Amino acid sequence: MSVPGTTGPGATPPGRRQRLLGELRLWRPLDLAGVAAAWLVGLLLVLVAGTLLLYMGYKGLQYVNLDLLVSRPQPGSDQSQTGGILDPIVGTLLIIVIATAIALPLAVGAALWIVEYGRPRWLARVVESGIEVIAGAPSIAIAIFGLAIFQLPLFGWASFAADGGGVFGRSFIAAGTVMSLIALPSIFATTREALQSVPRHVREASYGLGKTRWATIRRVLLPTVRPDIATGTALGMGRIAGDTAIIVLLLGATLQLQAGSDIPGVGTLQGTGSTLTSYVYNNSPTGEGNAPEKAYAAAFVLMLLIIGLNLLVAFIGRRRAGNDLPR
Amino acid sequence: MLRRLRRPLTDRRAEQLLGGTAVAVVLVIVAMIVFIAISAWPSFQHNGLKWFGSGGDVDAELGEMVNAGADPSDEAYRLRAWPLVYATALTTILAVGIGVVVSVLASIFIVELAPPRVRSIVVPVVRLLAAVPSVVYGLIGILVLVPFVNDHLISEGQRESVAYVIPLTGPGLLVSVVLLTLMITPIMIALIVDAMSAVPRGWREGALALGVTQWRATMSVSVKAIRPAIVAAAVLASARALGEAIMLSMVSGSKGFAPQPWDGLIFLFEPLRPLAATIAEQSEGISAPALKASVYAMALVLLVSSLFLSVGGSIIKRRFRVGTAR
């Protein structure tokens with residue numbers, strides 16, 4: 001990260017550091033206090049994050065074992081009998097896949113339209129501020145909106161309907177679809193910024209060769225911005241994996257995956273289940289399960305997943321910095 | 001058929017297709033606001049502006065709604081949501097207030113003070129803190145911070161002095177605000193660091209050439225130049241803090257109680273429950289029409305305030321971008 005106006009030792013000629021230290025003695029106490037406060041806050045942040053990570057790591061390694069990861073959760077009042085966290089892990093992955101599959105085409109399509117077409121102008125502005133609204137909307141509000149939608153008789157197929165005609169409205173389809181709204185803004189933002197940074201002459205060269213606009217998008221622009229789409233998607237996946245409100249409201253929070261109908265595969269999607277986040281929530285002392293050890297273990301796995309996605313983002317970023325030119 | 005699909009799209013078809021996705025996104029948002037507003041209407045209809053007022057016990061009123069069953073009387077819709085609104089405002093304002101100070105100082109540290117080697121640690125750390133799921137913060141809060149507050153910070157005298165109003169058991173305002181601050185600070189730091197790095201080098205050098213100290217140059221040039229970005233960051237962070245449901249439902253104590261600042265130190269330990277956490281907890285009983293309307297009304301209040309905040313924040317941010325483009 002190159003930052004203008006820095007005073008790090010790497011940027012200073014030798015001797016200046018001593019002079020700065022000498023100068024510090026002449027500073028007003030208030031200024032010195034300011035510098036001290038800034039250092040304190042910076043180091044405190046590192047300390048807090050470090051403590052958090054080490055603590056989660058310690059608790060996680062203490063309670064995670066292979067058996068826990070591959071066995072299904074069981075109802076029980078004692079922590080030793082409540083089984084493992086296989087279903088929440090599967091649930092998390094399922095939700096990530098469903099939500100990303102919906103969000104990716106929508107976000108990339110919207111970004112392409114905004115940058116490459118964007119007419120009429122007012123509509124483009126409406127789309128942009130609309131996505132900003134989603135980005136700022138509380139996920140609990142999005143969740144409760146999803147509940148209203150999926151409880152409509154129209155969407156009875158997405159979960160299961162009771163005998164009286166009431167629709168349950170909670171299923172993997174419902175949660176995944178609503179969750180796509182959480183991932184959409186970050187994919188949209190990175191894709192749009194990447195498209196805007198592709199120089200005009202690249203497009204003009206493509207038109208000059210007789211390619212149509214769609215062919216230019218398909219063969220030139222999309223391959224160029226692919227790493228950015230990947231970055232945005234990984235960020236979005238992190239947000240999906242970490243969101244709890246939508247899962248708590250829309251996945252039914254059953255301990256195991258419960259099929260909603262007899263059709264294999266589809267039945268699971270129509271059924272209820274849990275994810276790592278809702279598992280942690282329900283097994284914390286505030287939830288019904290109250291199994292702190294299991295909650296720590298699940299939170300540890302969740303953190304690993306999130307850190308993995310973050311490393312992926314960093315890795316894509318570094319690789320892109322290595323070869324900047326589009327092939 | 002398949003071959004027709006595989007053929008390249010014509011330009012017009014492509015524009016329609018891409019435009020369609022964009023419009024679909026907008027339609028979803030409009031549907032969201034309309035749906036929530038329609039579902040919320042009965043609650044506002046029965047309560048009017050008194051919805052935001054105080055009086056009565058919120059938790060009792062919510063319980064009454066569940067008991068009222070499928071065909072509630074007008075009486076059952078009664079809701080005075082002031083403690084919840086107040087709890088939302090209180091946690092948000094406190095967390096953002098502390099967060100602004102912390103994140104400005106941290107940004108100065110990252111951009112101006114830290115040696116490159118330290119900076120290369122702090123930046124990923126901040127990114128990581130921003131990515132930690134709220135439920136993990138909540139878990140640490142309820143399993144580590146709450147017992148600590150309960151065992152070491154609340155004295156027996158304090159407990160007894162308010163025992164007839166509210167039991168103090170650890171979860172409450174202090175833990176909520178600490179964790180909320182920790183959650184929103186990384187978001188603010190990211191925005192402020194971006195803005196601060198974009199301040200032209202010459203501005204600072206001009207100040208230094210006039211003989212001010214480095215700290216003065218930072219405060220009077222860099223920080224002053226990015227004031228709009230700081231405001232924008234604070235606004236966006238408050239939108240985030242308003243909507244935090246899960247973490248706050250875990251550590252806030254989950255009582256429809258309005259902490260009183262004139263209670264002194266006890267104020268910090270008093271339990272509360274913001275709107276978002278209430279929605280998360282009451283969503284189970286949503287089949288009761290009265291409760292459903294009330295829960296959607298809370299969601300509408302949150303949605304509208306976060307809408308104003310994020311639109312306001314982006315306007316400030318845009319104006320700022322024009323300002324530095326020169």
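Author: In chain B of this predicted model, 80% of the contacts with a separation of 6 or more join residues 24 or more positions apart. In chain A, the contacts between residues at least 6 apart in sequence include 69% that join residues at least 24 apart. Of the 326 residues of chain B, 51% count as buried, while buried residues make up 46% of the 327 residues in chain A. The C-alpha trace of chain B spans about 75 × 70 × 35 Å along its principal axes.

The largest nonpolar core contains 201 residues, and the residues with the most contacts inside it are I144(A), I246(A), A299(A), L302(A), I192(B) and A299(B). Helix α8 of chain B (residues 173–197) contributes the largest share of this core, 17 residues. Because domain 1 (16–61) and domain 2 (72–323) of chain A both give residues to the core, it lies between them. The centres of these two domains of chain A, taken over C-alpha atoms, are separated by 37 Å. As general background, nonpolar side chains tend to be buried together in soluble globular proteins.

Leaving aside residues up to four places away in sequence, L302(A) touches A241(A), L276(A), T277(A) and V280(A) in chain A, together with P133(B) and V136(B) in chain B. The neighbours of L302(A) therefore come from both chains, as a contact requires C-beta atoms within 7 Å.

The contact between the chains takes 75 residues from chain A and 81 residues from chain B. On the side of chain A that touches chain B, the helices supplying at least two residues each include α2 (29–63), α4 (86–117), α5 (121–136), α9 (213–242) and α13 (292–322). The largest share of that side, 13 residues, comes from α2(A). By type, the residues of the side of chain A that touches chain B divide into 52 nonpolar, 20 polar and three charged.

At 1.5 Å a residue, the 16 residues of α5(A) should span 22 Å, and the end C-alpha atoms are 23 Å apart, which agrees. Within α5(A), the residues V127(A), I131(A), E132(A), V133(A) and G136(A) are buried. In general, an α-helix has 3.6 residues a turn, so residues three or four places apart point the same way.

Confidence remains to be considered. Chain A averages a pLDDT of 83, and 90% of the residues score at least 70. Over residues 1–10 of chain A, however, the pLDDT is below 50, although this stretch has 20 contacts in the model beyond near neighbours in sequence. At the other end, residues 323–327 of chain A stay under 50 in pLDDT, and the model gives them two contacts beyond four places in sequence. Where pLDDT is low, the predicted coordinates should not be read in detail.

Technical notes. Residues are numbered from 1 along each chain as its sequence is written. Chains are lettered from A and ligands numbered from 1 in the order in which they are written. A nonpolar core is a set of buried Ala, Val, Leu, Ile, Met, Phe, Trp, Tyr and Cys residues joined through C-beta atoms within 7 Å. A residue is buried if 20 or more other C-beta atoms lie within 10 Å of its own, exposed if 12 or fewer, and partly exposed in between; C-beta atoms are placed from the backbone. Helices (H or I, at least four residues) and strands (E, at least two) are DSSP runs, numbered from the N terminus. Domain bounds come from an automatic or database domain assignment. pLDDT is the predictor's confidence in each residue, from 0 to 100. Ala, Val, Leu, Ile, Met, Phe, Trp, Tyr, Cys and Pro count as nonpolar, Asp, Glu, Lys and Arg as charged, and the others, Gly among them, as polar. The expected span of a helix is 1.5 Å times one less than its number of residues.
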